[in-house]
Amino acid sequence: MISYPRTPLADELVTALQGKAGFSDAHNGLFLAAPRRTGKSTFLQGDLRPALERAGVTVVYVDLWADAARDPGALIAEAIGRALLPHLGVVAKAAKKAGLEKVSLAGWLQIDTSKIGKLDGLTLVDALRALHETAGQPVALIIDEAQHALTSEAGENAMSALKSARDQLNRPGEVNLMLVMSGSDRDKLLRLVNSNAAPFYGSQIQRMPPLGPDFIAHIGALIEAQRPELRPVDCTVLQAAFEGFGNRPQFFMESLGLVLSPLSAITGRFEPAMLEAAQQRQRDDEAQMESDFLGLKPLEQAVLWRMLEQGPRFRPYDSAALKFYREQTGGPVSAQRAQNALEALRQRMPALVWKSARGEYAVEDAAMHRWFEERKAAGNWPPLAPQGNLDFADAADPQSEV
């Protein structure tokens with residue numbers, strides 16, 4: 001994968017996180033939303049983390065999707081623990097050399113030297129304070145796919161603890177704990193900030209700028225340097241192709257490699273072939289979503305339809321929702337049957353529905369919302385199964401789902 005540093009953007013965000021940018025609330029928490037595969041994680045690890053470290057900040061990074069089977073609260077605690085352990089190791093050696101059973105870490109935290117290297121009894125607030133004071137630097141905690149924390153009670157508690165740590169460690173003019181939370185779905189990430197019960201109520205979700213013309217110009221220059229016979233590269237067409245790929249560099253670069261391969265059967269200019277590849281990717285993505293939708297039982301289709309239409313306003317069991325389900329399926333629908341349908345959507349591989357620990361539901365892949373809106377605007381909603389391939393499985397005895 002070709003590296004494309006976004007250093008200026010990273011430096012601007014570091015300034016904002018430090019509380020040095022006017023009209024920015026980033027020092028209270030930076031919440032970034034960007035669609036999947038658009039380079040968000042690459043930027044956080046390859047650009048923002050080094051920029052923070054250059055500014056004298058200790059950085060802790062954790063991806064809550066790195067191990068989906070693990071509780072997100074535990075993943076956050078372990079990431080902080082791993083960053084703290086090297087500092088505890090130094091304290092442990094000094095304590096053991098002096099024959100001490102207990103040591104006062106950073107002048108306030110009593111730790112049993114027999115448990116150095118373990119975080120037994122330490123709260124997240126204590127661990128972050130200890131990391132800040134032993135490192136002698138501000139701490140930045142970067143949580144990628146932060147919305148996943150809302151899927152468990154421990155994850156929600158961890159978010160509340162981080163808010164408490166921020167309030168305790170920071171003071172006017174002094175930012176000792178910087179929080180960066182990213183998400184691939186803005187609607188899910190909003191649940192961290194949009195209600196009185198949300199841990200970061202009042203903060204704003206910001207859209208991370210996608211890679212744009214400067215990235216395409218960089219790629220064009222590389223192509224011209226390596227393949228002089230292709231000069232000049234038409235960056236306008238490449239930009240249109242990149243947008244057709246949903247601004248996703250991985251898919252764009254994979255197709256570029258195929259188009260420029262000496263084994264490619266393409267004759268003439270390569271730029272139109274890239275545009276066609278982008279259009280084919282769009283058709284493939286839409287065909288997959290249509291196939292997923294048509295593979296559902298009628299009630300599952302109705303529930304997913306309602307979710308796509310309502311977005312954050314979705315309430316699965318209210319009277320309006322149950323009426324909608326009845327209208328689409330042509331039969332009675334109880335709250336229990338609607339719940340069974342939701343669980344079936346969650347259990348699919350890959351899952352079509354996301355659920356928070358508080359019982360809130362959302363479409364798992366935010367790209368389905370765009371697909372839904374585009375089809376609806378074109379008058380092509382709902383998708384219709386080919387005749388002779390109708391699924392009447394959900395029309396069986398309703399008691400079978402209760």
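This is a predicted model: local features need pLDDT of at least 70, side-chain atom pairs count only at pLDDT 80 or more; totals for chains, interfaces and linings use all residues.
## A friendly tour from Glu 145

Biologist: Glu 145 has its place in a loop; between which two elements is that?
Modeller: Residues are numbered from 1 along each chain as its sequence is written, and side-chain values use heavy atoms, with hydrogens and water left out. Helices (H or I, at least four residues) and strands (E, at least two) are DSSP runs, numbered from the N terminus. The loop holding Glu 145 runs between E5 and H5.

Biologist: Is Glu 145 buried or exposed?
Modeller: Glu 145 has a positive phi of about 55 degrees although it is not a glycine. Buried means under 20% relative accessible area, exposed over 50%, and partly exposed in between (1.4 Å probe, protein chains only). The relative accessibility of Glu 145 is 6%, so it counts as buried.

Biologist: Phe 23 has a positive phi too although it is not a glycine; about how many degrees is it?
Modeller: Phe 23 belongs to the loop between helix H1 (7-17) and E1. With a relative accessibility of 93%, Phe 23 counts as exposed. Its phi is about 60 degrees.

Biologist: Which residue in E6 is the bridge partner of Leu 141?
Modeller: Two strands pair if DSSP finds at least two bridges between them. E5 pairs in the parallel sense with strand E2 (residues 58-63) over six bridges, and Asp 63 stands opposite Asp 144. E5 also pairs in the parallel sense with strand E6 (residues 177-183), over five bridges. There, the partner of Leu 141 is Leu 179.

Biologist: What is the handedness of the β-α-β unit of E5, helix H5 (residues 153-169) and E6?
Modeller: Picture the strands pointing away from you: a crossover is right-handed if the path from the first strand over the helix to the second runs clockwise. The unit made by E5, H5 and E6 is right-handed.

Biologist: How far apart are the end C-alpha atoms of H5?
Modeller: The expected span of a helix is 1.5 Å times one less than its number of residues. For the 17 residues of H5 that should be 24 Å, and the distance between its end C-alpha atoms agrees at 24 Å.

Biologist: Why does Glu 156 count as buried?
Modeller: Glu 156 is found in H5, whose buried residues also include Gly 155, Ala 158 and Met 159. Contact means heavy atoms within 4.5 Å; not counting residues up to four places away in sequence, Glu 156 touches Ala 149, Leu 150, Ala 357 and Arg 358. It counts as buried because its relative accessibility is 16%.

Biologist: Which helices pack against the buried residues of H10?
Modeller: Helix H10 (residues 271-294) reaches 35 Å from its first C-alpha to its last, close to the 34 Å expected. Its buried residues are Glu 271, Met 274, Ala 278, Met 289, Asp 292 and Phe 293. They pack against helices H8, H9, H11 and H14.

Biologist: What is the omega of the peptide bond from Trp 381 to Pro 382?
Modeller: Pro 382 lies in the segment after H14. The bond from Trp 381 is cis, with omega near 0 degrees.

Biologist: What is the average pLDDT of the protein chain?
Modeller: Over residues 112-118 the pLDDT stays under 50, and over residues 390-402 it is below 50 as well. Across the chain, 87% of the residues score at least 70, and the average is 88.

Terms used: pLDDT is the predictor's confidence in each residue, from 0 to 100.
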